[in-house]
Amino acid sequence: MRLFAILTMILTTATLAACSADNASEKSDNETSIISPIISSEDAKDPYSYAQPEIARVTHVDLDLALNFESKNVSGTASLDILANDGVDTVILDILDLEIFSVTDADGTALSYALGKAEEGKGSPLEIVMGDKRQIVITYKSGPNAKALQWLVPEQTAGGQHPYLLSQGQPTLNRTWIPTQDSPGIRQTWKAKISAPEPLTVVMSGLSNQEPEDVGEGRRAFHFEMDKPVAPYLIAIAAGDIVFKALGPRSGVWTEPVMLDKAAAELVDTEKMIDAAEELYGPYRWGRYDMIVLPPSFPYGGMENPVMTFLTPTFIAGDRSLTGLVAHELAHSWSGNLVTNANWSDSWLNEGTTSYFENRIIEKLYGEKRANQERALNFAGMEETIAENGSDSNITALHLTGENASPEGGVSGVIYDKGASFLHTVEAIVGREKFDIWLESWFDRHAFQPATSALFLADMRKNLVKGDAKLEAKLMLDAWIYQPGLPSNALRPDPAAFAEVDAAAKDYASRRSLDKNLWRNWTSAERLRLLNKLPEKLSAKELAQLDNDLGLTNSTNNEILFAWLNLALQNRYAPAVPSAEKFLATVGRRKFVAPLFETLMEQDNWGTPIAKRIYAQTRGGYHSVTTGTVDELVLADR
């Protein structure tokens, strides 16, 4: 692992409030650690955290925890290093459903603490009176229903022999198993000692430099460290019957033994992706880039946890056609992990920038055709999202306000795809060479720091626009960030990207026939484009013919299978119900699960009983992230 000596970094942009002087990026007692700044401007404040980081903030977390599979909780201690202003004797943390047994200083002297009133989804403030002490030790355990943690029984795993634990901390769930200041703008270094029953193996989003140690009673302890400050939602853990296979000198994959060869084959281009990313926007600064392919209940496609990306098995298609997901999570190592949105109102800074970066990696590795097609698919999805919500709806702005700025606020078609379209547009106007120089320098200037939309625009104006009034007018920067809808200067995809597919879709709409040979030779993106372009209303005979000709029900590409099932259920096609039921019973990815249940519920007396029957059987296998969405669709009064 390479260690980086980071010079003191202070936000100097005149249009923003200055960081607290005490919190500028300074060295802590650990010489390899960095203390990231806190942005104190109003637009950087996080209403979904009780913390007051300008006064007292957590800089380091040291966990010593035991995984208890029978009681489904973690228990042990969290030691926190605190940086506080002179005379401040209290620090406020975020917790949700934690049972606190004691709070002491580093010498074991008891400290007084109080648990404040809980708010729905936000948890409670834990207010600790620390006096002049600057290290506190909290002894606690998590609740059995901690939303960040999913405890799987052996039957829910691929191997079927051992239990499994996985976590998902984004956006505000890590407060259910770690007592800290759970806000993306309060970056923290961390260490962990985690014990688990043999023969289970533990991995985390930190580097491990020693072998597991036997701690008795059939348990082993695993040690991890992240010496670079990260947003607390990026602390992640998984434990189960997992093994490792190297993919390159600094990359590898963890997964269950029965999945290892298939996962490694799908990820064979990982090292090339890292090289491509570095060629675009500078060095990879985290040492290793490992991944873990999780059981199918994982609620997202991927999660960019540093040095240990979490991946859904649904990306495994057998032909690497869905590895854009890996490029996306890798790109987060720069946009999201290196520079992080200070709060969730600016989540486009993480996801939009990453979606743009992902597309550039795909272009570099697989060529312009695939990159242009994937961009065109995403652009069409963005336009559909804006149309559904209304182009004057504030939820279609990149910088979110009000209830749209909640941790779960916003819509992916805007946060991801409008954000990426913004950067594609800027690149086209200023030129790729100039844009790439600026974007790499943005990552360098703000490495290991939080950021806001205002900071991003100020940096762009200072270091890219450079006072050019005509360029400023062409870019329409404020309209992109703060206004709803799609600005008039948006760079639209080349229509040629899907010319053949769109012609085939138009032909099908009029003749209800499709050349099967075209389908066989199309890319995954082209096939998805066709399915999205088919008429909304199709007869059972037409759907049966499509399935027979194109082999849709038997597709090993989960994106294509999902698109087919959604189309079939929209048309109340009964032969698709068994396939949909099987899919919903084996996949927990919210992107797939929620829309299929929503489609069923929209089919009234035909679909509602099917949705309720399937959900009663599958709900227990989903992560809380997924059930939180689907409960509103299926269980809420309609």
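This is a predicted model: local features need pLDDT of at least 70, side-chain atom pairs count only at pLDDT 80 or more; totals for chains, interfaces and linings use all residues.
Strands of a sheet pair through backbone hydrogen bonds, in either a parallel or an antiparallel arrangement. Within the present sheet, β12 (residues 188-197) and β15 (residues 219-230) are paired in the antiparallel sense, and this pairing extends over nine bridges. K191 stands opposite E225, a residue of β15.

Two threonines illustrate the surroundings of individual residues. T201 belongs to strand β13, which comprises residues 201-204, and T201 has a relative accessible area of 14%, so that T201 counts as buried, the cut-off being under 20%. When residues up to four places away in sequence are not counted, T201 touches R220, F222, A238, A239, G240, I242 and W254. P450 lies 249 residues from T201 along the chain, and the C-alpha atoms of these two residues are separated by 33 Å. T323, by contrast, is placed in a loop, namely that between β21 (308-311) and α3 (324-331). With a relative accessible area of 2%, T323 is likewise under the 20% limit and is therefore classed as buried. Its contacts, again without residues up to four places away in sequence, are with E266, M273, Y366 and R370.

Rolling a probe the size of a water molecule over the atoms shows where empty space is left. In this model, three cavities of 30 Å³ or more are counted. The largest cavity has a volume of about 60 Å³, and its lining is made up of S335, G336, V339, T340, N341, L349, T353, W442, A451 and F456. By class, the lining of the largest cavity divides into five nonpolar and five polar residues, with no charged residue.

The second largest cavity has a volume of about 40 Å³. Its lining consists of T157, G159, G160, Q161, H162, P163, Y164, D241 and E256. Here two nonpolar and five polar residues are joined by two charged residues, whereas the lining of the largest cavity has no charged residue.

Among the open spaces, the second largest pocket holds about 670 Å³. This pocket is lined by 23 residues, of which N558, L561, K582, T586 and V587 are the closest to its centre. The elements that give two or more residues to the lining of the second largest pocket are α15, covering residues 558-570, and α16, covering residues 577-586. Of the elements concerned, α16 gives the most to this lining, with four residues. In terms of residue class, the lining of the second largest pocket includes nine nonpolar and 11 polar residues, together with three charged residues.

Conventions: Residues are numbered from 1 along each chain as its sequence is written. Side-chain values use heavy atoms; hydrogens and water are left out. On a 1 Å grid over the protein atoms alone, a cavity is a set of points where a 1.4 Å probe fits but cannot get out, and a pocket is an open set with protein on both sides within 12 Å along at least five of seven lines; lining residues have an atom within 4 Å of a point. Grid points are joined across faces, edges and corners, and a volume is the space filled by probe spheres set on the points. Ala, Val, Leu, Ile, Met, Phe, Trp, Tyr, Cys and Pro count as nonpolar, Asp, Glu, Lys and Arg as charged, and the others, Gly among them, as polar. Two strands pair if DSSP finds at least two bridges between them. Buried means under 20% relative accessible area, exposed over 50%, partly exposed in between (1.4 Å probe, protein chains only). Contact means heavy atoms within 4.5 Å.
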